[in-house]
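I am keeping notes on a structure while I look through it.

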Amino acid sequence: MSLANTSEITEAMKAEGQRAYELDRKHVFHSWSAQDALDPLTVVKTEGSFVWDADGKRYIDFSSQMVNTNIGHQHPKVVAAIQEQAATIATIAPAHVSAPRSEAARLIAERAPEGMNHVFFTNGGADANEHAIRMARLHTGKSKVLSAYRSYHGGTDLAVNVTGDPRRFASDTATHGTVHFMPCYPYRSYFHAETEEEEVQRALEHLEQTIVLEGPETIAALILESVPGTAGIYVPPEGYMAGVRELTKKYGIIFIADEVMSGFGRTGTWFAIDLWNVTPDLITFAKGVNSGYVPLGGVVINEAIYNTFRERVYPGGLTYSGHPLATAAAVAAIEAMEEEQMLENATRLASEVIGPELERLKNEHPSVGDVRGVGCFWAVELVTNRDTKEPLAAYGGSSPAMGEVIGKCKELGLLVFANFNRIHVVPPLNTSDDIMREGLALLDQALALADRHYQ
Ligand code: PLP
């Protein structure tokens, strides 16, 4: 892929970018933000692992935007598939058969764990979770939903309520029957565990106690990110997911694996849960399924839940379920990932470049308390003291110190996904070694600012 330089950003593109910025500030209402605090980046061009702003400045995209552009920007095969589909059938009701939807469902089901053969399509991740919970409730006849603190499941009402990230602002209404438990998080163990084995054992004991105290006969589903993303990319140690599977089976609870961020190659496997060979009852997905070129999400369904709705109506649907442009993009994106061995590249990048380089940064910067991850899914957790693990920004908040680090990354030409006291290194899976190293060298420079706050 060519590495366009700044000279390709024309004066017309710059002028259009300037106008877009002015209109944005006048008319656009942005998510998760106080509108006055914003100075958003105006992007006028994207390609591969890069984006360019309206001044012609190039940035390495270590964020994959919202951790969704798994195949990078403007992949020619996917762009062509969308264009071809638009020229034939641009939209069609979900009740009709459409070739890209059928093909996308086949490709997704074939990559899901055995026995998960049907796909319900949604517009994104939050509505996939809403539908998965609804299916679980209808299938079991029960209503409570268990989910982890330090999790993110989406921005619609029920998805916000099962989310255990402190985004549940006081003004949000509380949905009846959502219960949170403490997840496995070795770096800041809630269970005072000193080893990973201890952490897994105590986290599972705590989960079982929660289930028993809530009453298994009242719990429809447990929803859990296979690798929690937004809340910190803390990869569960060996044994945890298998233990969750066992407990959910023991107590007749539907296990929903939220793979919206971790699915479709992000961890070097089609689904993160494949890392532990665990089969949930439902898998929710979005983002990486077509790299977000057209909005798409969905639920992969096992046979037992499918059978519930063979004769009984599933009372739910969406106007755009399996939209032809979105599913054509999914077919092309999945094929491109396979043809270009992007999953293999993510695993190789982790062991040869990202892992060793982040370990080096941890050795060189006292403010780096922890680095962890898998595939192209890594977090750098910043602290002001390694012994106390005092975070550089409080969980659920921001700090001027974190702002400085993020600002420095931007100034140096590096786009990162940052949350509270963490910088996430989540590049496209097909990022080259050279670009990866270039971006990590920029991160190295920015981390010097975090070190200034170390005590
Ligand atoms: N679930 C997880 C794990 C996510 O990371 C996200 C988004 O970041 C969602 C659900 C919500 O997806 P969407 O924003 O497409 O509704």
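This is a predicted model: local features need pLDDT of at least 70, side-chain atom pairs count only at pLDDT 80 or more; totals for chains, interfaces and linings use all residues.

Which residues on the other side of α3 are exposed? I found Pro76, Ala80, Gln83, Glu84 and Ala87 there.

I number residues from 1 along each chain as its sequence is written.

**Helix α3**

I looked up the buried residues of α3 and got Val78, Ala81, Ile82 and Gln85. Seen down the helix axis, they fall within an arc of 95 degrees, so they line one face of α3. The arc is taken over the directions from the helix axis to the C-beta atoms. I wrote down the general rule beside this: an α-helix has 3.6 residues a turn, so residues three or four places apart point the same way. The cover over the buried residues of α3 includes α4 (99–111) and α10 (324–339).

I then checked the length of α3 (residues 76–88). Its 13 residues should span 18 Å at 1.5 Å a residue, and its end C-alpha atoms are 19 Å apart, which agrees. The expected span is 1.5 Å times one less than the number of residues. Helices (H or I, at least four residues) and strands (E, at least two) are DSSP runs, numbered from the N terminus.

**The sheet**

I traced an open sheet of 4 strands with mixed pairing, in the order β1-β2-β3-β14. β1 (43–47) and β14 (414–415) are at the edges with a single partner strand each, so one side of each has no neighbour in the sheet. Strands pair if DSSP finds at least two bridges between them. Strands β2 (residues 50–53) and β3 (residues 58–61) run antiparallel and are joined by 3 bridges. Val51 stands opposite Tyr59 in β3.

**Leu447**

I found Leu447 in helix α13 (residues 433–451). Leu447 counts as buried because it has 22 C-beta neighbours inside 10 Å. Leaving out residues up to four places away in sequence, Leu447 touches Leu361, His365, Ser367, Val368 and Val405. Contact means C-beta atoms, placed from the backbone, within 7 Å. Leu382 is 65 residues from Leu447 along the chain, and their C-alpha atoms are separated by 9.0 Å.

How values were computed: A residue is buried if 20 or more other C-beta atoms lie within 10 Å of its own, exposed if 12 or fewer, and partly exposed in between; C-beta atoms are placed from the backbone. Two residues are in contact if their C-beta atoms, placed from the backbone, lie within 7 Å.
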